[in-house]
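Q: Could we go through this structure together? I would like to begin with the overall fold and then turn to particular sites.

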Amino acid sequence: MSRATPLILATAIFMENMDSTVIATSLAAIAADIGTDPISLKLALTAYLVALAIFIPISSWMADRFGARRVFRLAMLVFMIGSIACAFSGSLAQFVGARFIQGMGGAMMGPVARLVLVRMTPRHQLVDAMAWLTIPGLIGPIVGPPFGGFLTTYFSWHWIFIINIPIGLLGMALVGLALPSETRNKPRSIDGKGFVLAGLAFALFAFGCSVVSLPALPPVYGVVAASLGIGLGYFYIRHALSTEYPLLDLRLLRLPIFRVSVVAGSFFRLGQGAVPFLFPLMLQLGFGLSPFESGMVTFVAAIGALAAKFVANRIFKRWGFKYPLLIASLVSTLGILVMGFYVPGTPIPLMLGILVFTGFWQSTFWTGSNAFVFADVDDKDAGQANVISQVWGQLMFAMGVAVGGGTLELAHRLRGGGELALADFHIAFFVVSAISAVAVVMFLRIPRNAGHQLMSGPHMH
């Protein structure tokens, strides 16, 4: 496998990651321009997540039905149409709708890129390929906040979305030139009932989780939506276990490594999902930094993350999967815990050093776990395994934000209201790090040689 393949596929992931981090920096400017407040604009971030949750599950079926290359290029096109719609939005409703269209494209881009890679790459090269796939995705968050701040300050926020068009066109051209027309699996028949049940369950759950941490709508809406989502999820599980070809084949959870990857990964993501929401907010409200200053602090984690990509493969080759995943989840959990002790007098270089170090290990975790998910999965089930881990991962990130925001709100109310205090943020970090610690315990219990088949030489299974 050439290195070019994962890098070409990664143009889409770069575009998507850059887009989501840039928007966070520019929410205030966009809100002022379209006549709404920044907090209501978080609905646009939610709309994107909801679209991901609905459409990721059918990405594997689409790739089998129409060919991964065609679906991938179509996804980039849809994402670009959504970007243009964002740039021309004049109201909150238009902007939320445009973000939903972007999410439909984004839902297909990431999972289909991973699926193409898993199918084209021999298993023993998968860790390396996954590392190359995620490098541009990591550069997005490094470049995103300063670049978004620059465009918004010196030009206008519209350029944030217009810039996606040349990147997308380049990606579509490269995919056409460089990706082979791959052999596809015979598509299963689409599980229509499963799609409706799972789509509604995920959408209501993601929406509900986001609304709980948003003052834009009364929290009771969020609780009702999330509860309805959980109820529909229960009916989906019953349906999936009694259908021959369900949309998401939950029977794969019988595989021990796959199950640990998904469940431990969920606790890890819950913890990590809350940090991008809580930490910049604490720096701005608790420490009095400007959005640009807080962006300059938080983005150093991505430098550590980038460094990890060049050594991750060697780490897993040398030590296997158990110990690196254990150390990575432990360091990341401690990194969240430490944030609960930061005060305005904490030296900035100390915070930066800790962020770079935890960023390194978090990134090592993503690289390893992205490959580890496939350790005991047959090739014919790779699409299903990919989709289940992606959908679940997205939902856990959304839930991480809700848990972080909900804990913050609860701590604030128990203290008697008023302004958000530093103590409220500290409590939220302690709670979130306790959740993340569950992943550490789970990785402690896996066998030492788990996932060894991903590291040995070429083989067939």
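A: Helices (H or I, at least four residues) and strands (E, at least two) are DSSP runs, numbered from the N terminus. By that rule the protein chain has 17 helices and 0 strands. This is a predicted model, in which local features need pLDDT of at least 70 and side-chain atom pairs count only at pLDDT 80 or more, while totals for chains, interfaces and linings use all residues. Residues are numbered from 1 along each chain as its sequence is written, and side-chain values use heavy atoms, with hydrogens and water left out.

Q: What is the mean pLDDT of the protein chain?
A: The mean is 79, and 87% of the residues reach 70 or more; pLDDT is the predictor's confidence in each residue, from 0 to 100.

Q: How much of the chain is buried?
A: Of the 461 residues, 54% count as buried. Buried means under 20% relative accessible area, exposed over 50%, and partly exposed in between (1.4 Å probe, protein chains only). As for contacts with a separation of 6 or more, residues 24 or more positions apart account for 83% of them.

Q: Turning to pockets, what is the volume of the second largest pocket?
A: About 500 Å³ of space lies in it. Of the 23 residues lining this pocket, F202, I237, L250, W392 and L395 are the closest to its centre. The elements giving two or more residues to the lining are α9 (192-212), α10 (219-241), α11 (256-286) and α16 (382-414).

Q: How are pocket and volume defined here?
A: On a 1 Å grid over the protein atoms alone, a pocket is an open set of points with protein on both sides within 12 Å along at least five of seven lines, where a 1.4 Å probe fits; lining residues have an atom within 4 Å of a point. Grid points are joined across faces, edges and corners, and the volume is the space filled by probe spheres set on the points.

Q: Why does the second largest pocket lie between domain 2 and domain 3?
A: The pocket lies between them because domain 2 (191-246) and domain 3 (252-460) both give residues to its lining. The domain bounds come from an automatic or database domain assignment.

Q: Is N164 buried or exposed?
A: N164 is buried, with a relative accessible area of 2%. Its place is in helix α8 (residues 164-178). Leaving aside residues up to four places away in sequence, N164 touches M15, D19, F79, M80, S83 and Q102.

Q: And what about I162?
A: I162 is found in helix α7 (residues 158-162) and is partly exposed, at 33% relative accessible area. I162 and S83 are 79 residues apart in sequence, with 6.7 Å between their C-alpha atoms.

Q: Which residues does T367 touch?
A: Beyond four places in sequence, T367 touches V127, A131, K309 and A312. T367 lies in helix α15 (residues 348-372) and is buried, with a relative accessible area of 1%.

Q: Which contacts does F360 make?
A: F360, which lies in helix α15, touches G304, A305, A307, A308, V311 and I315, not counting residues up to four places away in sequence. The C-alpha atoms of F360 and K309 are 8.4 Å apart.

Technical notes:
Contact means heavy atoms within 4.5 Å.
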